[in-house]
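Have a look at the chain below before reading on. This report walks through its contacts, its core and its charged side chains.

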Amino acid sequence: MYKRQYYKGTAEEINAYLDKKLEDKTFSFYYARKFADFAGLYMVFFAIIMLAVLFLQDTKKHTYELLHTKPVTAGKYVMGKVSAGFTICLLVLTILNILFWVLCRIYTKDSGFEVRLWDFVASTVLYILPNMLMIVSIYACIVYTYDGADGVLYVVYYTHRNIEKTRNM
């Protein structure tokens with residue numbers, strides 16, 4: 001069996017390695033990539049739960065009647081819900097970006113590392129936003145195509161009907 005052995009570098013070797021790495025890219029470039037890894041996981045779970053809660057509110061008793069009395073198509077209704085959910089996700093992501101950028105600046109101010117907000121924005125746009133768009137799109141497709149053009153109305157009605165059946169049992 002192959003056993004991996006690690007070499008412990010001296011302080012000079014480690015500093016030389018860091019200097020070489022930081023010649024091409026800033027410290028915040030590497031830190032922002034780690035941020036994107038962890039924030040991406042957080043935002044995936046947040047988006048799934050938040051979208052579920054948004055559409056779960058439709059199971060309230062009078063939502064079905066309200067949706068049929070207003071001149072709103074199922075497509076517009078779903079797109080409004082999804083747009084609102086995506087906007088909330090973007091706000092949370094913006095706050096996380098600014099928070100981690102500030103923390104990075106605070107904790108590296110004495111070490112002389114260059115920290116740029118652009119590195120955080122670039123990592124977010126490249127690695128997190130595509131995942132969020134995919135989740136929101138899949139969620140919208142599932143909700144909208146559940147039963148033709150009136151998918152959302154059917155989901156709300158069907159859920160409401162099942163809730164009433166279980167209450168009457």
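## A charged trio

Arg116 and Glu114 form a salt bridge, with their closest N and O atoms 3.9 Å apart. This is a predicted model, and each value here is computed from it. Side chains of opposite charge can pair when their charged atoms come close.

Shared partners join Glu114, Arg116 and Asp119 into one network. A search of the whole structure finds two salt bridges.

Which of the three residues are buried, and which are partly exposed? Asp119 is buried, because its relative accessible area is 6%, under the 20% cut-off. Arg116 is partly exposed at 36%. Glu114 is also partly exposed, with a relative accessibility of 44%.

The table sets out accessibility for these residues and for others discussed below.

| Residue | Relative accessible area | Class |
|---|---|---|
| Glu114 | 44% | partly exposed |
| Arg116 | 36% | partly exposed |
| Asp119 | 6% | buried |
| Ser28 | 0% | buried |
| Ala47 | 0% | buried |
| Cys89 | 0% | buried |
| Cys104 | 2% | buried |
| Ser111 | 43% | partly exposed |

## Asp119 and Ser28

Asp119 lies in helix α5. The side chain of Asp119 reaches the backbone nitrogen of Phe29 at 3.3 Å. Leaving aside neighbours within four places in sequence, Asp119 is in contact with Thr26, Ser28, Phe29 and Ala32.

Now look from the other side. Ser28 sits in helix α2, which spans residues 27-56. Ser28 counts as buried because its relative accessible area is 0%. What does Ser28 touch, not counting residues up to four places away in sequence? The list is Glu114, Val115, Arg116, Asp119 and Phe120.

## The overall fold

Step back to the whole chain. The protein has six helices and one strand. Along the sequence, the pattern reads α-α-α-α-α-β-α.

How many residues does the protein have, and what share of them is buried? There are 169 residues, and 27% of them are buried. The accessible surface comes to about 12,100 Å². Carbon and sulfur atoms account for 65% of that surface.

Contacts reach along the chain as well.

## The nonpolar core

The largest nonpolar core holds 24 residues. Those touching the most other members are Met43, Leu51, Val82, Cys89, Phe120, Ile128 and Met132. Helices α2, α4 (74-108) and α5 (117-144) each supply at least two residues of this core. Which helix gives the largest share? That is α2, with ten residues.

Not counting residues up to four places away in sequence, Met43 touches Cys89, Val92, Leu93, Leu96, Ile128 and Met132.

Ala47 also lies in helix α2. Ala47 is buried, because its relative accessibility is 0%. Beyond four places in sequence, Ala47 touches Cys89 and Ile135. How far apart in space are Ala47 and Gly85? They are 38 residues apart in sequence, and their C-alpha atoms are 7.5 Å apart.

## Cysteines and a loop

Cys89 is buried, with a relative accessible area of 0%. Cys104 is buried too, at 2%. A disulfide is a covalent bond between the sulfur atoms of two cysteines. How many disulfides does the structure hold? The count is zero.

Ser111 lies between α4 and α5, in the loop that links them. Is Ser111 buried or partly exposed? Ser111 is partly exposed, because its relative accessible area of 43% falls between the 20% and 50% cut-offs. A polar atom of its side chain lies 3.0 Å from the backbone oxygen of Thr108.

Terms used:
Residues are numbered from 1 along each chain as its sequence is written. This is a predicted model: local features need pLDDT of at least 70, side-chain atom pairs count only at pLDDT 80 or more; totals for chains, interfaces and linings use all residues. Side-chain values use heavy atoms; hydrogens and water are left out. Helices (H or I, at least four residues) and strands (E, at least two) are DSSP runs, numbered from the N terminus. Buried means under 20% relative accessible area, exposed over 50%, partly exposed in between (1.4 Å probe, protein chains only). Contact means heavy atoms within 4.5 Å. A nonpolar core is a set of buried Ala, Val, Leu, Ile, Met, Phe, Trp, Tyr and Cys residues joined through side-chain atoms within 4.5 Å. A polar contact is a pair of N or O atoms within 3.5 Å; within protein, one must be able to donate a hydrogen and the other to accept it, and residues adjacent in sequence count only if both atoms are side-chain atoms. Accessible areas come from the Shrake-Rupley method with a 1.4 Å probe; for residues, only the protein chains shown count as cover. A salt bridge is a side-chain nitrogen of Lys or Arg within 4 Å of a carboxyl oxygen of Asp or Glu. A disulfide is a pair of cysteine sulfur atoms within 2.5 Å.
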